[in-house]
Amino acid sequence: MHELYTALAGYYDAIYRRRVERVSREIDFVEELFQDEAEREVRKILDLACGTGIPTLELARRGYQVTGLDLHEEMLAVARRKAEINIEFIQGDALEIDFDEEFDAVTMFFSSIMYFDDSAIQQLFNSVKRALKQGGVFIADFPCWYYGGRDGPIVWDERKGDEWLVITDWREVEPATQKLHFKRLVQIVKPDGSFKAFMVDDELNIYTPREMRLLAEKHFRKVKIYGDLHELRPNDRRYWLVALK
Ligand SMILES: C[S@@+](CC[C@H](N)C(=O)[O-])C[C@H]1O[C@@H](n2cnc3c(N)ncnc32)[C@H](O)[C@@H]1O
């Protein structure tokens, strides 16, 4: 089910090349949020569902003391290989973290929060709150799935060295349950024409900004939803949850 994070972990950064190119702007924005929303200086960060460490490494480069945690060892292996700075990477489930007032900020980037359904997200908020010091912030970004974009299939391609990745995405949304079935066929073509194919079939949970705010308000002192790297605007397609302990 999680082929994207296991068999394809070594291809993750190539598949998400455009995200890699954007991460420095994202972290500029996150640093503004630290300044404007946290009620303490942010130095120590827990990056949950850190994956191959795209944002984790960028935070570490900027001088933060970062711990990255992810469910999949294959993703962490890529992150460890890339890390030029000493970063602690831990394999684990974000729902089972056991930190007590250790971090100034907890982050969860790139839609990872969609892995948690109504009940799990409450458990997540509880664990995050416990991991944060008073005045610390939780920051998570998630997409809008109601913008009328095509459900697919959408075909696109990327390169990794001499390999050609042909990626076909489509999605099926169940309106009543707000479950999103995300399907992706990744074909990896070698220069000699031989290829391997992987099928990703993931189930994610859709949250509107209002739903996310209402859920987070049950656990945090102050909650704000931002738009995509700025204040919330009516047609934003990505949202940033900022929740203060
Ligand atoms: C879309 S990727 C995002 C990775 C990274 N945050 C980034 O910005 O590139 C989602 C990540 O969530 C991780 N994940 C999913 N469920 C998790 C859980 N319960 N606990 C920890 N990590 C989880 C996956 O292993 C995967 O690396």
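Me: At what angle do the axes of helix H2 (residues 17-37) and helix H3 (residues 54-61) cross?
Reply: This is a predicted model: local features need pLDDT of at least 70, side-chain atom pairs count only at pLDDT 80 or more, and totals for chains, interfaces and linings use all residues. Residues are numbered from 1 along each chain as its sequence is written, and side-chain values use heavy atoms, without hydrogens or water. Helices are DSSP runs (H or I, at least four residues) numbered from the N terminus; their axes are lines fitted to C-alpha atoms over the stretch in contact, with angles from 0 to 180 degrees between N-to-C directions. The axes of H2 and H3 come within 9 Å and cross at roughly 55°.

Me: How is H2 oriented to H3?
Reply: Under 35 degrees counts as roughly parallel, over 145 as roughly antiparallel, 65 to 115 as roughly perpendicular and the rest as oblique. The crossing is roughly 55°. H2 is therefore, relative to H3, oblique.

Me: Which residues of H3 meet H2?
Reply: Contact means heavy atoms within 4.5 Å. H2 brings Arg19, Val20, Val23, Ser24, Ile27 and Phe34. They meet, in H3, Ile54, Pro55, Glu58 and Leu59.

Me: Is the crossing of H5 and H6 left-handed or right-handed?
Reply: Helix H5 (residues 118-131) and helix H6 (residues 209-217) pack at about 50°, axes 10 Å apart. A near helix turned anticlockwise from the far one by less than a right angle gives a left-handed crossing, clockwise a right-handed one. Where H5 passes H6, the crossing is right-handed.

Me: Which residues of H6 make the contact with H5?
Reply: H5 contributes Ile121, Gln122 and Phe125. From H6 come Met212, Leu215 and Ala216.

Me: How far is an oxygen atom of the ligand from an N or O atom in the side chain of His72?
Reply: For the side chain of Tyr12 the distance is 3.4 Å. For Asp70 it is 2.6 Å. For His72 it is 2.6 Å.

Definitions and conventions:
Helix = DSSP H or I, 4+ residues; strand = E, 2+ residues; numbered from the N terminus. Polar contact = N/O pair within 3.5 Å; in protein donor to acceptor, adjacent residues only side chain to side chain.
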